[in-house]
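Me: Got a model open here and I'd like to talk through it. Can you help me find my way around?

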Amino acid sequence: ARAFSAHGHDVKVIANFIQPSAFCFRDRHDLRPRLVSTRNFEPHYGVSTVLRAFELIKARYADATLTIVGSGSEEKRLRELAATLGVAGVDFRGQVSPAEMPAVLGAADVFLNASIVDNQPLSILEAFASGLPVVSTPVGGIPEMVRDGQTGILVRVGDPAAMADAVCALLDHPDRAVAISREARREVEKYVWPVVRPAWAGVYGRVGAPARVAASASPDEGHG
């Protein structure tokens, strides 16, 4: 929106939306190192950074696991990287249908996102709705959703050590993780259909100049 506005275009950003009732929110007072990534295997989603962060986390939490959901052009390279790193506990789950996603997220404890380029990922909203504390990079519209220290933790792009440190800090302080995930669940209420619908109605109701709508969903949504 900022880029288009700078060129004199009339822009209306409409948020992505989610149905929270499709997911089971729960507090994770017994936060465990069960990590999940649900971004597709394309270079701009930085899944390799997630794998390298997991290697560092595994050195501190021997029982850590990482479930990776998705598919894409980088699958072979990512599987080779996981084999080269030699860390046990990585599960390449493949593509998962929207109906299966609540169970995948429900079985995890921390959500990781290492995007290099992004918009407003539905996958993060799904993590919020499931009670997962989110550790993410601050690209695109993500900081509008993931406010550092409030609704999630933001780390530098391409920095697996920073991502690992953020995850370990949550695991070391589960009460903080619970507070963040509760605030994130409240954030979800900005992205439900009754809130988003009037924005769409306003755009379609405009008469005269054509509306230019900035799409909010990521290219791979869903999934990942």
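Me: Start with N113. Which residue does N113 stand opposite in strand 6?

Reply: That's S136. Bear in mind that this is a predicted model. Strand 5 and strand 6 (residues 134-136) run parallel and are joined by three bridges.

Me: And what does the chain pass through between strand 5 and strand 6?

Reply: Helix 5 (residues 122-130). That makes a β-α-β crossover, and a right-handed one.

Me: Back on strand 5, which way do the side chains point?

Reply: V110 and L112 go one way, F111 and N113 the other way. All of them are buried.

Me: Where does R39 sit?

Reply: In the loop between strand 2 and helix 2.

Me: Is R39 buried or exposed?

Reply: Buried, because its relative accessibility is 1% and the cut-off for buried is under 20%.

Me: OK, strand 2 then. How many bridges does strand 2 share with strand 5?

Reply: Two, in the parallel sense, with strand 5 covering residues 110-113. L35 has V110 as its bridge partner, and V36 has F111.

Me: What about strand 2 and strand 3, how many bridges there?

Reply: Four, and again the strands run parallel: strand 2 is residues 34-37 and strand 3 is residues 65-69. The chain gets from strand 2 to strand 3 through helix 2 (residues 47-60), in a right-handed β-α-β crossover. For individual pairs, R34 stands opposite T65, while S37 is partnered with I68.

Me: Zoom out for me. What's the strand order in the sheet?

Reply: It goes 4-3-2-5-6-7, an open sheet of six strands with parallel pairing.

Me: Which strands are at the edges?

Reply: Strand 4 (90-94) and strand 7, each of which pairs on one side only.

Me: Remind me, what kind of bonds pair strands in a sheet?

Reply: Backbone hydrogen bonds, and the pairing can be either parallel or antiparallel.

Me: New topic: charges. How many salt bridges are there in the whole structure?

Reply: A search turns up 15. One of them is between D27 and R182, with the closest N and O atoms 2.7 Å apart. That pair links distant parts of the chain, 155 residues apart. D27 is in the loop between strand 1 (11-13) and strand 2, and R182 is in helix 8 (residues 174-188).

Me: What about a pair within a helix, say E80 and K76: how far apart are they along helix 3?

Reply: Four residues, so about one helical turn separates them in helix 3 (residues 75-85). E80 is partly exposed, with 40% relative accessible area, whereas K76 counts as exposed at 60%.

Me: And which residue does D91 pair with?

Reply: R93, with 2.9 Å between the closest N and O atoms. D91 is partly exposed at 31% relative accessibility, and R93 is partly exposed at 40%.

Me: Last one, the greasy side of things. Which residues form a nonpolar patch on the surface?

Reply: I116, V117 and V157, which together have about 250 Å² of accessible area.

Me: Where is V157, and how exposed?

Reply: V157 is in the loop between strand 7 (153-154) and helix 7 (160-172). Its relative accessible area is 40%, so V157 counts as partly exposed.

Technical notes. Residues are numbered from 1 along each chain as its sequence is written. This is a predicted model: local features need pLDDT of at least 70, side-chain atom pairs count only at pLDDT 80 or more; totals for chains, interfaces and linings use all residues. Side-chain values use heavy atoms; hydrogens and water are left out. Two strands pair if DSSP finds at least two bridges between them. A crossover is right-handed if, with the strands pointing away from the viewer, the path from the first strand over the helix to the second runs clockwise. Buried means under 20% relative accessible area, exposed over 50%, partly exposed in between (1.4 Å probe, protein chains only). Patches are made of residues with over 30% relative accessible area and no salt bridge: like charges are joined within 9 Å, nonpolar side chains (Val, Leu, Ile, Met, Phe, Trp, Tyr) within 5 Å. Accessible areas come from the Shrake-Rupley method with a 1.4 Å probe; for residues, only the protein chains shown count as cover. A salt bridge is a side-chain nitrogen of Lys or Arg within 4 Å of a carboxyl oxygen of Asp or Glu.
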